[in-house]
Every structure is written in structure tokens, then in C-alpha cells.
Amino acid sequence: MSTTSMRPCGDFRTSYQQDNTIFETKFIWLLAVASVGLLCLAPLFLDEYFLSLAIQVSYLGIAALGLNILVGFTGQISLGHGAFFGFGAFASAWINTQFGIPVFFAIPLAGFLTMAVGMMFGLPAARIKGLYLAIATLAAQFIIEDFFARAEWFSGGSAGAMADSVNIFGYLFDTDQSFYYIAIFALVTMYLWGSNLMRTRDGRAFVAVRDHYLSAEIMGINLTKYRLLSFGVSAFYAGIGGALYGHYLGYVSAEGFTIMMSIQFLAMCIIGGLGSVKGTLMGVIFMVMLPESLESVVGLMKETSWGNIPAVVDGIAYLKEMAIGLVIILFLIFEPEGLAHRWAQIKNYWKFYPFSY
Amino acid sequence: MAESILDVNNISLAFGGVKALTDVSFSVEKGSVFSIIGPNGAGKTSMLNCVSGRYQPQEGAITFDGKIVTNLRPNDRANLGMGRTFQNLALFGHMSVLDNIMVGRHHLLKNNWVTGPLYWLSGAQKEELAHRRHVEEIIDFLEISHIRKSTAGTLSYGLRKRVELARAMALKPKMILLDEPMAGMNLEEKEDMARYILDLNEEFGITVVMIEHDMGVVMDISHQVMVLDFGKKLISGDPEMVMADPHVKRAYLGEEVDESEAVGA
């Protein structure tokens, strides 16, 4: 949240408003706006493969930011985030088909529904912390997963649920190119939401609860309320991300939302940087791109003469899985504060070059 | 007698068989500086914890500003205007000093998790900036403007104590509880801190209840002093009167009595 300010010389702040921006300098702000603009142009020159990756980053990124608000900012833990993600996907499809509410409104509604469920499963957080809470949220993961398989009225049971494409004034967002805009819009909105949350009252309360809950309470923060709210907001984000996922694929099946997914979300937050909004996005991009880039490396190796032996080809597939694990372990050892911290260090290096201190 | 802001009536607190406080009563006048002294383990911090809501006393009642607060949670007491600092530093270590102090404004701010993020649309920005102005006044008052953007966890001990005081002041408290505000400070920092405490008492009209071991400071700035020993109240009253009391000398101030007795014998 707070780093030593790295303002260039002569950049004086003359109002509190100027001193309280999301983007540190005018240049960074311009850069951010320009990159959003560039992202909007991307479908013109990127093929579907990259667009689908970008969409994947968007919906996973939204859900991962939710988990980071819970884990990184409020200092709780949840092993049920994957299930909340799935709940959002089913809820949005259900709201859309059952009540005929347009998809565009079903997505935020699914977010609120997931929020309610998240707060329900967050109730133990009012009393327990740390590892005990982790196990309690693990229960949420399995209960919700079981619910998907059994509640046919809601999820279609083992058959899964169909989810319509987003439809705005008759325009159907059913291709990668068009859905990409929905995804980017949602991503930017939810990340702005998160950034603003963190510089206002409730975001500060979350961090206060994490850093020192006793003095947070003395400062007038209702611990139970904020622990629950944090679960709620986290599930809200998961629900939005899940809903986007459902409407993107057009079909939601109960199989995907396992504990593996929950752990993957946690890994994204840890690799990106706990307690950093932009770090979350970096972590998600990293986790999405890592298997993809390893896949292409494997592809290249198969081209070579020594890589084409059947034993190696079989082995490489395993190697890829192991490499993902290895990278995560290396990250935890060498950059436990995440990509956001590394990014800040690189930035500092260039700013102060050649004086590294 | 002037109007009292805090009335503590017959408080008893026990942890299992350990009686931390036994039948302690006192009242603090509005606008005064009230010090609690006593040897280690006398129950001073327990007393403060009962007042601020950390502990629930088994017996007795606490009235703050006309309301009975005995069963209220600490956060509700903060909303009523009770600020506090801790003996061991309790800042939010990863937040900037500014954010730390802004947390103190929590109960005065209105925006929530929906209106806060709708920063520009909901008026949250205006509200935040208005409160920032108040926070800056406190920052100016405590002379910590040079560190307002630093991470609280990286500051020196003396500065952290000051930030903690700033955070408690941001609550806009009617009464502030200070648990050893001068522990571990050098003479200069102690003098500064004493001046801040007097200023916040006189300029801002905040009632101060503090625990302090430095007898010089206690005698100089308090209007009333209470002495605790083994969870019991020995005496309370003017600093001079308390100092002169033989029980207090024996329990806390020590030496002189022993020496004179030794000489006499």
C-alpha cells in the first residue's frame, strides 16, 4: 500500500486530491489509459488464441483479486475460492434461464448471490483464524462442490448448465473478438473498484484488521463485520469472475471447480504479491502464461532430433507439470513478496541508475 | 466538584484464581489529566483494558460520558469517543503513517464497500479529502509531517509512539487512554511527549487517563493520581497528597521510608 514515494523532482502536490491518486504520476496515468486503449484495439491484430488467453486472464484475474482482498489485505485465508467461482458461473446461468433476466444484469446479480453464500461460509472467520480457518473454508469447498452435483434445479446436476452469451440490445457477444470487450470492461471496472476500495474507509479497515486486529477494534472497527465483509467482497469478485467464465464458454459443468482451482487462485495471489492489486493481475498473467509457454517449449523440443525419442516425449509431459511446481517453489524462495515487489525493485533500479542506493 | 466523564464503580476482574483487580472505584473529571501509577503487575493495564473494553470485569460498572459502557465492545466504545494507545506498539505496520491515522477516522467516515469504490460518483472522494484535512491538522500538531508517507513499521520507536497518539487523536475522542506514553524514550522525547499531552488536554479539551512510571512527569502534568497495588486502589487525589502518603511510599516509591526506618533503628 505504501511505498516510499518516487516522485520526480519538481512534481509538487498542491492539493490532497493530487496526493491521493491511484496512479502515482501523470505519466503512469497516461500509460495506463494508453494501454487500456491499446487493449481495446488488440482484436484487430491478435488471433483468437491470444484473445482467449486474454479473456482467461480477465475472468481469473477478477476472481483472484477477490481472493487477494481476503488473503492479502484482510489476512484471512480461504481454500474455497474455486467453489465460489463455480457458484458464480452456475448462479448467473440460473438467474438468466430461470428468471429471464438479461445476462448483462445476471452477472452482477450472480456476484451478489455468491457474496451472500461467501458470507455464510465466512461465518467461522468471526471466531477462528489461520490454519483452523483454512480447514473450515475447505469444508465450504466440498459442500458447494457437492451442491453442484446434487442440486439439479440449480446447476443441472451432472449434466451441467447452459449459459447464454451476453446480449446487449440484440448484439450477441458470442465470439472471442466480441466477448473480449466484455472481459476487458469487467476487468478494468473490477480493478478500479478494488483500487478505490483500498484507498477508502473499508479497504483501510481490512488492512487494519490484518495488521493488528486488537488495535483495529480499539479504533472503532467492528472485527466480526469486517471479517465477514471481506469474505463477502471476495466471494463477490469470485462470482463475477465465474459468471463471466460461464457466459464465455456457454456451458458450465460441475467438474471444473475443485480444490485444485482454489489452490491455483491462492498461487496466483502469492506469486503476484499478497496485498497488491496490480500484483494480482501480474500473478494471474504469469500463471496463465506459464503452462502455455512451457507447452510451446515442449513443442519446440519435440522438433529436435534428441527430443523426438518416445521416452523423452512422454517424459516431457511430466516435466511440464513438474516445472510449474518448481517455478512456484522458486518463487516462494526467491521472491516471497511476489511479482509486484520485484516490479517495484526493477523500477527503483532504473529510476536511481547509476546510484542504486 | 466538576462533572466527571468516566466513573468506574467497584470493578473486580479475575483471571481464574488470579485477582487482577479488586473493587476499584474512581472517577475522572472532564478535562483533567488523570494518572494511574503503581508497581509492575499492580493491574494498571488491566484497569485500562476494562475501560477500553478489552476485558470484561466480573463485577462493577463503568460509566463513560453518561452512558453505561460495561458490556459494550471496544469498537462501540471508540464510537462514543474513547481513544487509546498501547504499551507495546500497536500500529498497522504495513500501512503508511497517513493511512494509520486515517483509520482513526473510521467511525466518522460514511463511505462503505460500495460507495467507496465509486470514488468519483458517490462523493467518497470529497469525504475522504475532507477528513484528510483533519488528519493533516493532527499531523501538524504532532510534528510528524515529514514521515506521513513512510511505512509505519519502519519508523523509530519514538516516532511510532507519536503516530499512535496521532491515530488515537484522529478518533476525535472525548477521553484518551495512554498506556505508558513515555516508556523507552529519552529525556528529550519525554519532554516533547509531555508537551503534546498537555496541549491535547488544554487545546483540544481531551480528558487524559494515563499510566506512567516516570514520577517526574506524573507529578508535573497530572491533576489527579491514583495508585494501584496488587489490584487494589491505595489512594487517589492530588499528586502532592499521593506522594506524601506513607502507603504509596512503601508500595511504589520505596526507598526513602526504608532508609529512614533503617536510620531510626
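Trainee: In β8 of chain B, which residue is the bridge partner of B:V33?

Mentor: In this predicted model, the bridge partner of B:V33 in β8(B) is B:V208. That pair belongs to the link between strand β3 of chain B, residues 33–37, and β8(B), which run parallel and are joined by 4 bridges.

Trainee: And what about B:M175, which residue of β8(B) is its bridge partner?

Mentor: B:M175 has B:T207 as its bridge partner in β8(B). Strand β7 of chain B, which covers residues 175–179, pairs with β8(B) over 5 bridges, and this pairing is in the parallel sense.

Trainee: What kind of unit do β7(B), α6(B) and β8(B) make?

Mentor: Those three elements of chain B form a β-α-β unit, and the unit is right-handed.

Trainee: Is β8(B) mostly covered or mostly open?

Mentor: Strand β8, residues 207–211 of chain B, is mostly covered, with 5 of its 5 residues buried. If you look at where they point, B:T207, B:V209 and B:I211 go one way from β8(B), while B:V208 and B:M210 go the other way, and all are buried.

Trainee: Changing topic, how is chain B split into domains?

Mentor: The domain assignment gives domain 1 of chain B as 1–81 together with 173–265, and domain 2 as 90–172. Their C-alpha centres lie 28 Å apart, and the contact between them takes 11 residues from domain 1 of chain B and 10 residues from domain 2 of chain B.

Trainee: Which elements give two or more residues to the domain 1 side of that contact?

Mentor: On the side of domain 1 of chain B that touches domain 2, those elements are α2, residues 74–80, and α6, residues 187–202, both of chain B. The largest share of that side comes from α6(B), with 3 residues, and α6(B) is also part of the β-α-β unit we discussed.

Trainee: What classes of residue are on that side?

Mentor: By class, the side of domain 1 of chain B that touches domain 2 has 7 nonpolar, 3 polar and 1 charged residues.

Trainee: Now the two chains, how many residues does each give to their contact?

Mentor: Chain B gives 35 residues and chain A gives 29 residues. On the chain B side, the elements that give two or more residues are α2, α3 (97–104) and α4 (124–141), and the largest share, 5 residues, comes from α4(B).

Trainee: And what is the class make-up of the chain B side?

Mentor: The side of chain B that touches chain A has 15 nonpolar, 13 polar and 7 charged residues.

Note on methods:
Residues numbered from 1 in each chain as written. Chains lettered and ligands numbered in written order. Predicted model: local features only at pLDDT ≥ 70, side-chain atom pairs only at ≥ 80, totals over all residues. Domains from an automatic or database assignment. Contact = placed C-beta atoms within 7 Å. Nonpolar A, V, L, I, M, F, W, Y, C, P; charged D, E, K, R; others polar. Buried ≥ 20, exposed ≤ 12 C-beta atoms within 10 Å, placed from the backbone. Pairing = 2+ DSSP bridges. Right-handed = clockwise from strand over helix to strand, strands pointing away.
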